[in-house]
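Trainee: I would like to go through some of the labels used for this structure. For each one, please show me the value and the cut-off behind it.

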Amino acid sequence: MIPEVDQDRLVQEIEALAQISDAQAPAVTRIVFTPTDLKARAWLIARCEEAGLVVRQDSIGNIFARWTGSDAHAPAVGTGSHIDAIPNAGRFDGVVGVLGGLEAIRSLGRSGLRPKHSIELLVFTSEEPTRFGIGCLGSRLLSGSLSPDAAGILADKDGASLEEVRKKAGFQGELEEVKLPRGYYKAFVEMHIEQGPLLERQRVPLGIVTRIAAPAGLRIAVEGAGGHAGGVLMPDRRDALCAAAELILAIENVAKTSGAIDTVATVGTCEVFPGAVNSIPSRVHLSVDIRDTSLERRDAVLRSIQAARQAIAAKRQVAIEETLLNADAPAECAAEIIEALSDSCAKHKQPFILMVSRAYHDSLFISRIAPVAMLFIPCRNGYSHRPDEFAAPEDIARGVTILAETLAGLAG
Ligand SMILES: [Zn+2]
């Protein structure tokens, strides 16, 4: 059996999905449970049904599209990714794993394969943290990494709770029903653009992921004292933005001096109140993102940030509060799936490298309930989360071929 990938159709589908967006092309914006997201979901479900897959959605909106195997009760082999996109993003992040996964299944069907295990496409809800401040909502709930109670009270910036928002979007059941039973998946393989430059730099078309770095997220609130920019003299000031600036540089320094290149820390947002040119900033909110391949080192970074926060607060007479949004363990990919992917590459004479995923993905959480691995394809200049994100059609098609071959092997 040699899966023949329909590259033209796949490219057309990626184009069609990119049109369902809240941003001006070529940018894509698709925030979870907005009318645009719901339209994209409906479009995708229609494609899955056209392909003869049996579709169901759970109460957080994860979409399962199943090609039932000859042993319908055996654990399924899963593949998939996400279709939500941060503001002003590109068209490939997540989407190549979803539409590529769908094309992999279709190509296997065309090749005449009749798998023993069902093969299931899984489209995760809200991989991006844009709306509710926490990434991988769908896979956290599927794997029991986030409790339904904690999820339900998450709120968006307008104060609407996840519970209200999802029900309004048509997802009525209880969040308790989302968690998958152990053994639901025999294996799970996610294809994704690399979102980094290594494959392109090394001129290798494929990367097999052996480990996914551990992310942590913090929200920091700095509370100082406001006042008139002319009236309050410098010795009397407790400027929240100046304190935040010191903290931002301290966070950068902590990451730079961790002793490992794998440590990264980013302050990605900074909101200043009241935000007027002639008013001393009284309050600042920062969001901090930390990643590392070592859990010990990542946790040491968190402790160092805490120490810096306390020192700066004391020195500048401001209050600095920190909320830990998430601190997840890294994932080890499963040896048997890494091997299945390597065998598929060998069979198709495709070179690959083994690599670490520094971005997190839904597979990080699925690894807690099933053996997982990921397949990376190159993206131009390593760009992602921006409108000029680009993956070449032949690179996507090559990834789909290897994915299809691997799914076929795992599904028996
Ligand atoms: Zn992604």
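Trainee: Why is the contact between Arg131 and Asp156 called a salt bridge?
Mentor: In this predicted model, the closest N and O atoms of Arg131 and Asp156 are 3.0 Å apart. The rule asks for a side-chain nitrogen of Lys or Arg within 4 Å of a carboxyl oxygen of Asp or Glu, so the pair counts.

Trainee: Where in the chain do Arg131 and Asp156 lie?
Mentor: Arg131 is in the loop between β6 and α4, and Asp156 is in the loop between α5 and α6. The two are 25 residues apart, and the pair links distant parts of the chain.

Trainee: What makes Asp156 buried?
Mentor: Its relative accessible area is 10%. Buried means under 20%, so Asp156 is buried.

Trainee: How do you know that Lys256 and Glu252 form a salt bridge?
Mentor: Their closest N and O atoms are 3.8 Å apart. The limit is 4 Å, so this pair also counts. Both residues belong to helix α8, and because they are 4 residues apart there, about one helical turn separates them.

Trainee: What labels do the partners Asp299 and Arg298 get, and why?
Mentor: The side chains of Asp299 and Arg298 meet in a salt bridge at 3.1 Å, N to O. Asp299, at 26%, lies between the two cut-offs of 20% and 50%, so it is partly exposed. Arg298, at 2%, is under 20% and therefore buried.

Trainee: Why is Ile261 called exposed?
Mentor: Ile261 has 81% relative accessibility, and the cut-off is over 50%, so it counts as exposed. Ile261 lies in the loop between α8 and β11.

Trainee: What makes His82, Asp93 and His192 donors of the zinc ion?
Mentor: Their donor atoms lie 2.0 to 2.2 Å from the zinc ion. The limit is 2.8 Å, so these atoms qualify. His82 is in strand β4 and His192 in strand β7, 110 residues apart. Both His82 and His192 are buried.

Definitions and conventions
Residues numbered from 1 in each chain as written. Predicted model: local features only at pLDDT ≥ 70, side-chain atom pairs only at ≥ 80, totals over all residues. Heavy atoms only, no water. Buried < 20%, exposed > 50% of the residue type's maximum accessible area, 1.4 Å probe, protein only. Donors = N, O, S within 2.8 Å, 3.2 Å for Na, K, Ca; no water.
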